Amino acid sequence: MVDGPVLIVGCGVFGLSTALEAVKQGKFVYILDKYEPPSPWSAANDFNKIIRCEYNDEMYAKMAIEALHLWRSDPLFKKSFNECGRILISPMNHKGRLEFERKGIETLRSLNEGLKYEFYKGGLEIGNKFEGFKDNDVPSNQEVKYNPEGGLGLAAQTIKDVYEFLLSHPRVRFVFGESGDVVSVKRYSNGEVGIVTASGYTHSASTVILAMGANSGSVLNLENQQSATGAFVTHIQLTDEEFDIYKNIPVLFDAEIGYFFPPDPLTKIMKLCLTGRGIKRSINDPFNSNTQISLPRYHNDNPTDTIPEEFVDDFRQLLNKYAPTLKNHNLFGSRVCWYGDTEKSHFLIDKVPGFTNLYIATGDSGHGYKFFPNIGKYIIQMVDNKLESDMKENWKWTSRLNDKMVDPAAASWRVTKNTTRDIADINFLKETVPYKL
Ligand SMILES: Cc1cc2nc3c(=O)[nH]c(=O)nc-3n(C[C@H](O)[C@H](O)[C@H](O)COP(=O)(O)OP(=O)(O)OC[C@H]3O[C@@H](n4cnc5c(N)ncnc54)[C@H](O)[C@@H]3O)c2cc1C
């Protein structure tokens, strides 16, 4: 990297991981965010996220294996890692999904990992293996995959831990509030970048990395490469007795309906998510007339963006299928959570054309959290022009100005209900009890 400090915009997973790597390499780092971490805008600001190594692309599988070893060993991450494993259930007639899973396991095994997989058939076998699922309603012919390796990371907690580590580091400075709230990016005549904030102050540095997640396209012309996708999250409160029953379950991932996690150890809250039901928020692209892009509408600014009324049944169905005694629990803390999708679910990590010192690290496509321990290493390698050729190729800036908006529902491996709907067409569930995570 060139001499001088590194300026990182965004204290989410990509930004903080990059800061960790930059200080490791002796750099001075400035990090801006509108909010102190964990930011309510970060896709990773919630109880937990899945950590898994199954990818049908060897490049991501290798990265995920490297990350898994760090989750197990790095003191900053291992305290928030629960290697509870993951159960995988997919509709047996969905060829795209089944092929995706088959290839994911095959790729892992070609790398001498994924050797502890167990395969079951039907609900009875799941119930016999996991006490928490003993009353499940899974048909007797359903194929079930279980990988005891991997599990979950306590998501907001890891953001806090990494933030606190960096906060006490002598070569790191954070800027929040108006002076960290980036409103535009300007290009000086020599090609250098200025990061303009709501306070009116413009930040500059010899190296500038933009890592604003789903919101990156609000200040930089991403040429239609990324589209913000809103996913749905809700919670139920478990009693002490229920906590004891469910505390040791693996992550349960049903590709057709959704997934849920063992309850949070401190609050006994269980987080539930839906799969394949993402939404977009179309607005006129601030940089390209006649084009629409999707940008986030964050829950803290719009607390009524909860979950669609018609999806309440899907959450109930998920619980009814696997943990029927929980199915009537009150849903609370429901919200839309935004990540940045790209056409092929590849990250977008590259130098920004037209600038001499501006780099972009975004396009997480809903699978970036697991790489918290190592994505920063690759982002810095990109800045140093030292990325392996496959990463360079997959993550490169590729203008899509004349293409349609990225549609996450188009991916063959996603089991989707319909095409991606717009937030304007959603009737959101009214939650009676306000809840703040
Ligand atoms: C519902 C849901 C479930 C997910 N599940 C998983 C999972 O199981 N496993 C997995 O690996 N990944 C998962 N992900 C994806 C994961 O959360 C993301 O890949 C990851 O958070 C992306 O990191 P990021 O740094 O690119 O963006 P974020 O983490 O979203 O961070 C962006 C940061 O930029 C800041 N920012 C934005 N705009 C501005 C501005 N104008 N000025 C200053 N700062 C700004 C924000 O405040 C935020 O701190 C999930 C995501 C969602 C939404």
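Which residue's side chain does a polar contact of 2.9 Å join to that of Glu-393? The partner is Lys-396; a polar contact is a pair of N or O atoms within 3.5 Å, and within protein one must be able to donate a hydrogen and the other to accept it, with residues adjacent in sequence counting only if both atoms are side-chain atoms. This is a predicted model, in which local features need pLDDT of at least 70 and side-chain atom pairs count only at pLDDT 80 or more, while totals for chains, interfaces and linings use all residues. Residues are numbered from 1 along each chain as its sequence is written, and side-chain values use heavy atoms, with hydrogens and water left out.

**Surroundings of the ligand**

**Polar atoms at the ligand**

- An N or O atom in the side chain of Ser-39 is 2.6 Å from an oxygen atom of the ligand.
- A polar backbone atom of His-367 is 3.4 Å from an oxygen atom of the ligand.
- A polar backbone atom of Lys-34 is 3.5 Å from a nitrogen atom of the ligand.

**Glu-393**

- Glu-393 belongs to helix H10, residues 389-394.
- Glu-393 counts as partly exposed because its relative accessibility is 48%, where buried means under 20%, exposed over 50% and partly exposed in between (1.4 Å probe, protein chains only).
- From C-alpha to C-alpha, Glu-393 and Ala-155 are 29 Å apart in space, and they are 238 residues apart in sequence.

Note on methods
Helix = DSSP H or I, 4+ residues; strand = E, 2+ residues; numbered from the N terminus.
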